[in-house]
Amino acid sequence: MPGEVIDHADPAPLASSLPSSLAGLSVKLPLENALTPSEAHSLRSFRRAANYIAAAMIFLRRNVLVTSDLTSDDIKPRLLGHWGTCPGLTLVYAHINRVVKNTGCDMIYVVGPGHGAPGILSSLWLEGSLAHFYPQYSRDRKGLEALITGFSTPGGFPSHINALVPGSIHEGGELGYALAVAFGAVMDKPDLLVTVVVGDGEAETGPTATAWHAAKYLDPKESGGVIPIVHVNGFKISERTIYGCMDDLELVALFTGYGYQVRFVGEVLDEVDADMAASMDWAVAEIRKIQKTAREGTPIVKPRWPVLILRTPKGWTGPKTYKGEFIEGSFHSHQVPIPDAKKDNEGRQVVQRWLRSYDPATLFDDSGAPVQEILDLIPTQPIGQLKDTYNGYNPIGAPDWRSFGVEKGSQASSMKVVGEYLDKVFTSNPKGIRIFSPDELESNKLSAVLSHTGRNFQWDEFSRAKGGRVIEILSEHTCQGLLQGYTLTGRTALFPSYESFLGIVHTMMVQYSKFVKLAKEVPWRNQNASINYLETSTWTRQEHNGFSHQNPSFIGAVLNLKPEMARVYLPPDANCFLSTMRHCLNSKNYTNLMVGSKQPTPVWLSPEAADAHCRAGASAWKFASVESPDVVLVGIGTEVTFEVVAAAALLRKLAPEIRVRVVNVTDLMVLGPTGSHPHALSDEGFDELFTSDKGIVVNYHGYVNDVAGLVFGRHRVAERMVVAGYREEGSTTTPFDMLLVNGVSRYHVAMHAVEKAGVESGRKDDLLKQLQKKIDETREYIMANGEDVEGTYDTPEF
């Protein structure tokens, strides 16, 4: 059975067994004076016009006002788009206009059901925002024809909301992230309001489920407010939704427990405009009340923020039935309600009656422009033109890092040193930068961040109302959503995490990067800060954690992005990490991934040398190298670079005839073929560093295919290069045993060097046997004693 069979449209949920007294928890409002007659007329006209345009966008390639009977040639050859959610989205859009017009507030509209683009684009056309940014969509017949006929065709707007759409700060292709994005957007913007629609299908996702708790991290003294609207239209693609099968008692119990005040909207569809107007006015007033008390120094303990539960039929105002199937009030309206309209005359007749039911002649004047009662609803500052959504970048001033530099030759935890630097970043920038992190700051040795700031958990008596810059919540999805909303409205943020669990937000990162990639191609969008990931607690030093905490795959996820977007850094020591961190915080439009160790490791380079090394992206380390090498040993990553240096020292003693050059790569992107990435070394630069004909042994922190994919296409590199990296081996064991079982220890590096250096056969066999013996003896010692051999991590000497 391809879809659920129902015996009546818009079925109500089965009654629950919860006590009826719970109904008293929902907010009741009088509707008698919610709207003036002119407001009610404007709202109805706006919604009819927006719904007409949205439906026409899905079907029509010409005859856009249906002034004559539709023919097959009037219907697009490919019908794309999602109708079912549009009427609810246009309803909300109309009422946001009313609120903004009446109050003058700044408000952003974040749309969770991103495939409802027709409803948003039609509203943007009506308010003039499309014409403001795209002159071809002028508010007249010519512009209307361009919008309707061009939708979901090559060169036109796609079927989901993205960076091309004015007012958008959210990539609408993947469900689940809108709510967290909305909360991130209002942080540190005390006057900003965000209305966010969460579809009831979207509400079934894990990211949305956790994001309801984001309100508990919103300090009303310093931040704006969010009006979440749960759009319960009952169906997803071919089945009913969970929320659609929950009655009012169940929903009010759920959201009251989350910490919200619940207001149901749409119980009587004929009164929906008065209902929505009263509800929006109430929601804004509640937010302002919560903010006022906080800003007067008497914040409400556990304030209950508003949430609206909007019930409207799926595909509301569309066809009721078609060929024996319910359309409105069923999943059949989810995408294209009449999919055979081009070939089937009956289908075309249904589409024609549907479109004419909106009476377009009363909505557009002779020039094709919206009639005056629609224009009366548009505020002076249309919401599609709010600068926070496209031109709000306010860069921080990341201070110079050199005063935090560590003495060359000492030992230091990169994370501890970076934490001290970030403390300075926060004190220099009391607003406009935040950390969004799972509960891992302490574990990742970044606790110095909290020296002059705190956590911002408003439901915790020890954190609330103190202006903390750190948001810690054990949901990577929520951290990522908050990060996105915060960054796309002009601020700077950092996302530190255990290496193994950043992959949880892989697809979120990709969706965001797609948004930014498109945004860079839109001339009216300004730049934004980069998103910055700090990946630590790496597989090489898991200590008490085991195999489950070993996964460097997020590196590969970033590498797969467009080259102009992706940046991956593996700084080898604390000074290099400081230089990299400052660069990333000051950068724009990139997806930056920094990977490093939280454990104390040698500081190989002075601050000056580290800065030069990071600018170059890779360099030969002369202290461990000789001229005219027989083999080049390359370290990419903190611990694996230590093993490369240790292997070079070992070979000097064991096989001094092998001439070794040690290279460290801190910017992974330099390895790609010339022109493949803005940071890629030229052929001449690559050969100067790695030689043009000698063997290359790469000891890499991540999966081997990352490096193999990067160097593919470089002339005569693959046949002379061997790459060692993480190979899915591990347990709760010693740090050096982790290197041994994954084949990246100094002994393995030395064995590869012997193989690649052209050593005479008999001598080679002897050296390989000695090195294998060292591996075997070391593993035996670790198994017998439960610790690494003393002196394993002494800094090598040359």
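## The largest pocket

The model is predicted. The pocket has a volume of about 430 Å³. In total, 19 residues line the largest pocket. Nearest its centre lie L650, R746, Y747, G791 and T792.

Which helices supply at least two residues each to this lining? They are α18 (638-654), α22 (746-756) and α23 (761-785).

## The chain as a whole

How does the radius of gyration fit a compact globule? For 798 residues, such a globule would have a value near 28 Å. The chain has 30 Å, so the two agree. Burial gives another view: 62% of the 798 residues count as buried.

## Closed spaces inside

Rolling a probe the size of a water molecule over the atoms shows where empty space is left. How many cavities of 30 Å³ or more turn up in a search of the whole structure? The search finds four.

The largest cavity holds about 140 Å³ of space. Its lining has 16 residues, with Y109, I120, P166, G167 and S168 nearest the centre. Two elements give two or more residues to that lining: β1 (106-111) and α3 (117-127). Strand β1 has the largest share, with five residues. By class, the lining of the largest cavity has twelve nonpolar residues, four polar and no charged.

The second largest cavity has about 60 Å³ of space. H170, E171, Y177, Q484, M508, Q511, Y512 and F515 line it. Helix α14 (residues 506-520) gives the most, with four residues. The classes here are four nonpolar, three polar and one charged.

## A covered helix

Q484, one of the residues lining the second largest cavity, is also among the buried residues of helix α13. This helix runs over residues 476-488 and has 13 residues. From first C-alpha to last, α13 reaches 18 Å, close to the 18 Å expected at 1.5 Å a residue.

Is α13 mostly covered or mostly open? It is mostly covered, with twelve of its 13 residues buried. Those twelve are E476, T478, C479, Q480, G481, L482, L483, Q484, G485, Y486, T487 and L488. Just after the helix, G490 takes a positive phi of about 105 degrees.

## Salt bridges

Side chains of opposite charge can pair when their charged atoms come close. The structure holds 34 salt bridges. One of them joins the side chains of K292 and E296, at 2.6 Å from N to O.

Another pairs E472 with R455, with the closest N and O atoms 2.5 Å apart. This pair links distant parts of the chain, 17 residues apart. E472 is in strand β10 (residues 470-472), while R455 is in the loop between β9 (433-437) and β10. Why does E472 count as buried? Its relative accessibility is 10%, and buried means under 20%. R455 counts as partly exposed because its relative accessibility is 29%, which falls between the 20% and 50% limits.

An α-helix has 3.6 residues a turn, so residues three or four places apart point the same way. R763 is partly exposed at 26% relative accessibility. D766 is partly exposed too, with a relative accessible area of 37%.

Salt bridges can also form a network. Which residues are linked in this way? They are D188, E222, K431, R434 and R469.

Conventions:
Residues are numbered from 1 along each chain as its sequence is written. This is a predicted model: local features need pLDDT of at least 70, side-chain atom pairs count only at pLDDT 80 or more; totals for chains, interfaces and linings use all residues. Side-chain values use heavy atoms; hydrogens and water are left out. On a 1 Å grid over the protein atoms alone, a cavity is a set of points where a 1.4 Å probe fits but cannot get out, and a pocket is an open set with protein on both sides within 12 Å along at least five of seven lines; lining residues have an atom within 4 Å of a point. Grid points are joined across faces, edges and corners, and a volume is the space filled by probe spheres set on the points. A salt bridge is a side-chain nitrogen of Lys or Arg within 4 Å of a carboxyl oxygen of Asp or Glu. Buried means under 20% relative accessible area, exposed over 50%, partly exposed in between (1.4 Å probe, protein chains only). Ala, Val, Leu, Ile, Met, Phe, Trp, Tyr, Cys and Pro count as nonpolar, Asp, Glu, Lys and Arg as charged, and the others, Gly among them, as polar. The expected span of a helix is 1.5 Å times one less than its number of residues. The radius of gyration is taken over C-alpha atoms; the globule rule is 2.2 Å times the number of residues to the power 0.38.
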